[in-house]
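User: Please go through this two-chain model with me, one question at a time.

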Amino acid sequence: MNLSIAVLAALDGVSYAALVFLVSVGLSLIFGVMRIVNVAHGSLYAYGAYAAATIGIAVAPISPWLTYPGLLLAAIGIGVVIGGLLERFLLRLVYGKDEALQLLITFAVFMILDNLQRLIWGVQPIFAAVPLQLLPNITVLGVGYTSYQTLLLPGVAILTLVGLRYFLRHTLSGAVILAVTEDREAATAVGIDPQRVFLTTFILGAILSALGGALASPTTSLLPGIGTDMIVLSFAVAATAGLGQIEGAAVAAVMIGLARAFAIYTYPEFEVLMPYLIMVLVLLLRPQGLFGAARVRRI
Amino acid sequence: MARRLPLLLVAGLVGLAAVVLLPLLSHSLVTLLSLVLAKGIVVLGIIVLLQAGQVSFGHAMFFAAGAYAVAFYGRYVGTGDILLYLVFGAVSGGVLGLVVGLFVVRYREIFFGMLNLAFSMVLWSLLEKMFHYTNGADGIRVARPTIAGMSFTPEGFSYVLLYLSFAIALAALFAVQRYLDSPLGHMLRAIKSNETRLEYLGVSARRVLLAGYVISAVLGGIGGSLVAAIQQIATPEFAYWTKSGEFVFIAILGGAGHALGAFAGAAVFEFVRFYASAQLADAWQMILGGVLIAIILLAPAGLIGFIGRRDRAARSG
């Protein structure tokens with residue numbers, strides 16, 4: 001493996017890691033606060049991507065630069081509408097029920113959203129690469145690459161990480177979310193409404209996933225099944241990091257992104273295998289994930 | 001046991017009647033019924049694990065192991081016999097279950113589910129990418145096997161396979177019922193209700209769960225080899241996480257409280273899918289999703305919960 005291929009793989013890995021991070025941090029956040037593994041999380045990614053492409057195709061004739069606010073609009077719109085409806089009218093009905101039932105109801109939502117997605121956007125691939133083509137290519141150590149993928153995507157991911165940290169540690173709404181995560185009963189006793197916290201958290205997580213999809217839409221062709229693949233992948237990242245770990249998700253995303261990218265250039269058969277192999281190894285050695293705190297067994 | 005026998009007997013008779021009479025209405029029902037029975041066998045395995053309170057979101061790996069054991073035999077050795085295939089399915093499911101089980105029984109709840117998911121996705125990506133051996137996403141075609149040494153016409157084969165599936169399903173149902181009623185089965189349930197107490201009694205919870213896990217993996221393998229023979233193909237899709245989700249779905253739909261729920265759930269699931277995809281080709285998945293939500297919200301004990309409730313009401317009334 002020569003240097004330029006190594007650089008290419010590293011750039012591939014980092015841009016991919018940025019996208020996976022956005023999705024998995026949303027998944028992790030929702031689990032951390034609500035203790036629900038949202039199987040429909042990948043559908044939000046797919047809807048974000050498709051909505052961004054639809055908006056992009058509509059506004060590109062007016063001015064191609066409008067596609068950028070289009071990406072953001074798609075993410076927020078999808079996150080608020082679908083995320084809000086899901087939490088308010090469905091998940092709220094199953095809090096306190098069996099864990100298996102909570103998981104399964106999000107699986108049912110996944111089935112419905114997946115079907116709806118094919119009805120709305122069809123099964124033909126959709127391309128919406130305008131935002132990618134607007135930004136110039138740059139050269140990194142002799143390798144040409146789009147600046148959208150080398151600068152914009154990691155930039156948004158880092159901004160999200162810093163923003164989330166700030167939000168959770170230094171704002172009142174963030175402190176309220178952490179309080180509910182730590183001890184729901186005590187939080188309720190001091191007058192916090194956990195239902196509102198759940199709604200906020202779920203919408204926030206949904207926006208992050210849809211944002212991942214919206215930002216991914218210019219880099220790939222949109223096909224049915226992109227959400228189905230993304231949910232297990234983001235799950236692998238979140239589990240490797242430790243569910244509920246935000247900074248850990250960033251590290252795990254880079255780890256898995258790089259491993260996958262280097263596999264593509266060396267042993268392409270192992271590309272798909274890499275994330276799950278890492279997940280198995282980490283979970284076997286540290287079931288709480290790389291950064292999760294071990295849970296003391298209660299008697 | 002005495003309490004359960006009538007229900008099992010009734011179910012057996014209803015099943016027999018369905019298997020004999022329904023195909024007279026339409027030949028397409030033969031394959032459908034065989035699929036119901038084969039999938040029901042896999043879901044029995046999910047129900048066994050649910051007794052211990054554990055949800056495996058990766059059980060499709062055993063299903064795929066059984067199917068691919070059959071496919072590989074057909075590809076590298078030649079057309080075999082269905083009885084041989086079933087043994088292969090059971091053994092491959094069981095061996096894989098033992099190996100994976102040794103790792104996963106140390107974990108509970110979400111960690112158990114996640115690790116199962118991870119293992120199944122490893123198998124899926126191997127099946128998908130080891131193109132040289134597995135034909136990748138296209139899968140491997142499975143030639144029509146002989147049945148107990150006799151070859152059949154395609155139509156005769158489908159009927160005999162249906163009767164065979166019924167016999168195996170009945171045997172599996174009976175075996176699982178016996179297992180759950182045995183001391184080992186009661187210990188399995190104790191893992192859900194109070195694992196610590198179980199260990200205070202000097203029982204190794206891990207070993208109890210491992211026994212249940214291997215049994216459920218064997219059932220998955222048998223079901224997989226049956227489906228491969230029925231559909232005459234094995235694809236990586238068999239190991240994908242949506243397949244695992246489907247099995248858990250069927251278990252909850254039918255009701256995890258009783259082994260019969262597996263077959264009740266599989267029947268409703270496959271029939272809804274069959275007719276919904278014929279009438280509304282574009283929306284069947286949405287319909288199934290809606291059914292699942294309705295079941296979770298309105299009848300969390302599943303279809304079998306209705307029968308159980310009436311049963312109890314009849315006895316107390």
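Predicted model: local features only at pLDDT ≥ 70, side-chain atom pairs only at ≥ 80, totals over all residues.

User: How many helices and strands does chain A have, and what is the pattern along its sequence?
Analyst: Helices (H or I, at least four residues) and strands (E, at least two) are DSSP runs, numbered from the N terminus. On that basis chain A has twelve helices and two strands. Read along the sequence, the pattern is α-α-α-α-α-β-β-α-α-α-α-α-α-α.

User: Why does chain A count as being as compact as a globular protein of its length?
Analyst: The radius of gyration is taken over C-alpha atoms, and the globule rule is 2.2 Å times the number of residues to the power 0.38. The C-alpha trace of chain A spans about 60 × 45 × 35 Å along its principal axes. For 299 residues the rule gives 19 Å, and chain A is as compact as a globular protein of that length because its radius of gyration is close to this, at 19 Å.

User: What percentage of residues is buried in chain A, and what percentage in chain B?
Analyst: A residue is buried if 20 or more other C-beta atoms lie within 10 Å of its own, exposed if 12 or fewer, and partly exposed in between, with C-beta atoms placed from the backbone. Of the 299 residues in chain A, buried ones make up 50%. Of the 317 residues in chain B, the figure is 51%.

User: Which helix of chain A gives the most to the side that touches chain B?
Analyst: Two residues are in contact if their C-beta atoms, placed from the backbone, lie within 7 Å. The contact takes 34 residues from chain A and 36 residues from chain B. On the chain A side, α4 (99-121), α10 (226-241) and α12 (273-285) each supply at least two residues. The helix that gives the most, with 15 residues, is α4(A).

User: How do α4(A) and α10(B) cross, and which residues make their contact?
Analyst: Axes are lines fitted to C-alpha atoms, for helices over the stretch in contact, and angles run from 0 to 180 degrees between N-to-C directions. The axes of α4(A) and α10(B), residues 241-254, come within 11 Å and cross at roughly 115°. The contact is made by Leu101(A), Leu104(A) and Phe107(A) with Gly245(B), Val248(B), Phe249(B) and Ile252(B).

User: Which residues have the most contacts inside the largest nonpolar core?
Analyst: A nonpolar core is a set of buried Ala, Val, Leu, Ile, Met, Phe, Trp, Tyr and Cys residues joined through C-beta atoms within 7 Å. The largest one has 212 residues, and those with the most contacts inside it are Leu104(A), Ala210(A), Leu44(B), Ala64(B), Ala118(B) and Ala251(B).

User: Is Gly265(B) buried or exposed?
Analyst: Gly265(B) lies in helix α11 (residues 261-279) of chain B. Leaving aside neighbours within four places in sequence, its contacts include Val43(B), Ala251(B) and Leu303(B). Because Gly265(B) has 29 C-beta neighbours inside 10 Å, it counts as buried.

User: How far apart in space are Leu161(A) and Glu247(A)?
Analyst: Leu161(A) is in helix α6 (residues 147-170) of chain A and, with 17 C-beta neighbours inside 10 Å, counts as partly exposed. Leu161(A) and Glu247(A) are 86 residues apart in sequence, while their C-alpha to C-alpha distance is 7.2 Å.

User: What is the phi of Gln232(B)?
Analyst: Gln232(B) sits in the loop between α9 (205-231) and β2 (233-234) of chain B. Most residues other than glycine have a negative phi. Gln232(B) has a positive value in a residue other than glycine, near 55°.

Methods
Residues numbered from 1 in each chain as written. Chains lettered and ligands numbered in written order.
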